[in-house]
Amino acid sequence: MADIQLPQSAQYVIVGGGIVGCSVAYHLTKMGHRDVVLLEQGQLSCGTTWHAAGLVGQLRSQPAMTNLIRYSTELYSQLEAETGLATGWMECGSVTVARTEERMTMLMRTDAAARAQGVEVQVVTPQEAQDKWPVMQVDDVKGGLWMPGDGKANPTDLTQSLAKGARMGGAKVIEGIKVTDILTKDGTVTGVVTDQGTINAEIVVNCGGQWARQLGKMCGVNVPLHSAEHMYIVTEQVKGVTPNLPVLRDPDGYIYFKEETGGLVMGGFEPEAKPWAMDGIPDKFFFQLLPDDWDQFEILLENALTRVPQMAETGVRKFYNGPESFTPDNNYLLGEAPELKNFFVGAGFNSMGIASAGGAGRALAEWIVEGAPTSDLFAADIRRFANFNNNPTWLHDRVKETLGLHYAMPWPNRELDTARPFRRSALYDRLAAKNAVFGSKMGWERVNYFAEDGETAEIEYSFGRQNWHDNAGKEHKATREAVTLFDQSSFSKLLVQGRDACSELNRICAANVDVPVGQTVYTGLLNERGGYESDLTVLRLKEQEYMLITGSAQTIHDADWIRKNFSEDAHVFLTDVTAAWSVLSVMGPKSRDVLKKLTKADLSNAAFPFATVQEIDLGYATVLANRITYVGELGWELVVPVEFTIGVYEDLMRAGAEYDIRDAGYYALEGLRLEKGFRAWSRELTPDITPIQAGLNFAVDYDKPGGFIGKEALLAAKADPDHLKTRIVQLVLDDDAPQLWGGEAVLYDDVEIGEVRSAAYGHTLGAAVALCQLDAPERVTADYIAKGRFEIDLAGRRLSATAHIRSPYDAKGERPKTDS
């Protein structure tokens, strides 16, 4: 579009004219922001968008992500009327079929989750599936799922329609212009340099698709994504294929189908993908494809011939091998980069770009304008990754697996196998030698459980009880009755220092952290809406020094949130010291006895009360001992300098031998915390849930001087009788046999009113325990809970459950108050 003059400056510059960039531009203008410039190096949609298959499936594993796609479907259905440009949108529905009993169980779980999220869904028999999709054979099919609200769109038309909508709102869309550099000053983006001149900008948005990683590197921003080849074919006409044929997904065969001009588009997600462009994406890779690779495609084609035998006699009109970008966890990257102020990213859509673009574009536009996410977006938040996740060798090896995850069985607790081990604690080898079975969180290898001698040290996945159930039960029992040691070195540790450390933290934390040196405070970090951005413990080590201990996955996110909320002129510094300290948690009624054998410190209740931290001697080492618990028993989290970790561990195991000390892992920890009803961030505590709804109002100080972020919203919520229609409630199954995993629907008097956010087996209570988010038609009070009947839908089976506002487990050791 050579007739558009390059402006010297703009409020918003969006780099990349694929569907996501055009959606962000469209939504910014919809919010009344006209000074928007979108730059595209080739033509709109010329990178990845144009060769996308265009499937729009609504349901995602997190409700927040489902909501984004449901908005996409609404937008796509009305866009043509607004802009006059066709989008190819058709609400044709989708059928997903199962070849195995396990997949059918998964579809039954999906059915319950969809209904809990308000998505229309129906479980169908093989015959009913075939009635919806007559060209397939169903001899090997166990059943299926019909979702009438799913659909398909033409990606190029949709992109042009969004771009036109943006232009109608005042945006400038300039094609054939390449960004060659990103300008910054004092940690803030200031503009872009192009091959046709410089544009100064207040905000720059990186929607560069496969090029997004390179764009990020221009200004020191990590955008961890890697390209992989993604293939599909378009067949000649197939008898019985009509324009309104639904989308078909056959995940056990890794394949999908949709109608196109009387033939079929058939593609899929092979289990081991083929990464591409190790040395960067070639210049001017516009409207281009890679060479056909029938060998790589063979596994998909074989499965397609099983499902649609007619294809054996049908010609192939076109083979598409178009590269796309994939991320380390198969979810996209959204939000303001923690490394650079006012530089936003919307990229890495893992073959979900068409479905997600409407909702993700709106969410990112709102984030840009409001300065913070307006809903729970942590699953897609770029701050869930760190700089080490951008390592090209690691990305290359990980992406081989993530492409295939689309149709891989989403087993409960499924761990990714590639590019591991990655980050290891000081005890990794010691624990591995004891048959530890490791999981991965933020790259850390963390013990899930310990296999017994003679057992294979690996998880056998299933939807029922998995092979580690009894092992975790023994670790659980030892914690409740004796003493265990958890290696929790993956905890994030942030040091906040300076003259203004106390006043700044006190405004950012909901609890009062202006406490005497040596006290520990549990607190939430709240947003302006009163919802949780994080929950963590604050240790006051000195007058001007605090250590914050937060979740393994939250290092970058929490550090960024805190830094962004420091006053500009404050004398305060935040340093990530995670790698300098290990955390060994010694938990259980015998924990004091073990520690007493190694220290001269007085560990009595009077000298060392709950929620206090002291520097103590422990064997030869000097450590921070923090008396706190996540399991509901007496215990200390020992914060140990890394170089002393092995010595401390050896001393603890030797001193604990007479008390039958044993190592324990995160599976036991999950069951222990859920019995106690302890909430976890990104599960029960989200940016959309307040402390009032979470039952954590005791951890908020409404009266402290100076207030805190989110206080006004919480005061308004307290006065709003409808606020407690949403509430976190604990459910315990009445039957001791079933296993819950999270994501199941919760019913109250036969009506879906919520979902399980976390679940595990409570070995002390003798049944599965769940923390659930209820969204009820009236306030969730003790009376409401008492007068109704609760059930949990487990893959189509309704299981009766008893609801508790307070935990039914009464620990013998001291524990933090867990309810208001």
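This is a predicted model: local features need pLDDT of at least 70, side-chain atom pairs count only at pLDDT 80 or more; totals for chains, interfaces and linings use all residues.
Local features are reported at pLDDT of at least 70 and side-chain atom pairs at pLDDT 80 or more, whereas totals for chains, interfaces and linings use all residues. Residues are numbered from 1 along each chain as its sequence is written, and side-chain values use heavy atoms, with hydrogens and water left out.

We may begin with the helix pair. Helix H11 spans residues 469-481 and helix H16 residues 666-676; they pack with their axes 8 Å apart and at an angle of about 55 degrees. Helices here are DSSP runs (H or I, at least four residues), numbered from the N terminus, and the axes are lines fitted to C-alpha atoms over the stretch in contact, with angles running from 0 to 180 degrees between N-to-C directions. H11 is therefore oblique to H16; under 35 degrees counts as roughly parallel, over 145 as roughly antiparallel, 65 to 115 as roughly perpendicular and the rest as oblique. From H11, the contact (heavy atoms within 4.5 Å) is made by Ala 472, Glu 475, His 476, Thr 479 and Arg 480. From H16, the contributors are Tyr 667, Ala 668, Gly 671, Leu 672, Glu 675 and Lys 676.

Aromatic rings come next. Rings of Phe, Tyr and Trp (its six-membered ring) pair if their centres lie within 6.5 Å, and planes under 30 degrees apart count as stacked, over 60 as edge-to-face and the rest as tilted. By this rule, there are 27 aromatic pairs. The pair of Trp 276 and Phe 285 is tilted, because the ring centres are 4.9 Å apart and the planes stand at 45 degrees. The pair of Tyr 702 and Phe 708 is edge-to-face, with 6.2 Å from centre to centre and 65 degrees between the planes. Trp 276 and Phe 285 are both buried, as are Tyr 702 and Phe 708; buried means under 20% relative accessible area, exposed over 50% and partly exposed in between (1.4 Å probe, protein chains only). One aromatic cluster is formed by Trp 50, Tyr 232, Phe 287 and Tyr 320.

His 27, in helix H1 (residues 19-30), counts as buried at 4% relative accessibility. Apart from neighbours within four places in sequence, His 27 is in contact with Tyr 71, Leu 75, Gly 358, Gly 361, Arg 362 and Ala 365. His 469 belongs to helix H11 and is buried, with a relative accessible area of 7%. With neighbours within four places in sequence again set aside, His 469 is in contact with Gln 739, Tyr 761 and His 763.

Technical notes. Helices (H or I, at least four residues) and strands (E, at least two) are DSSP runs, numbered from the N terminus.
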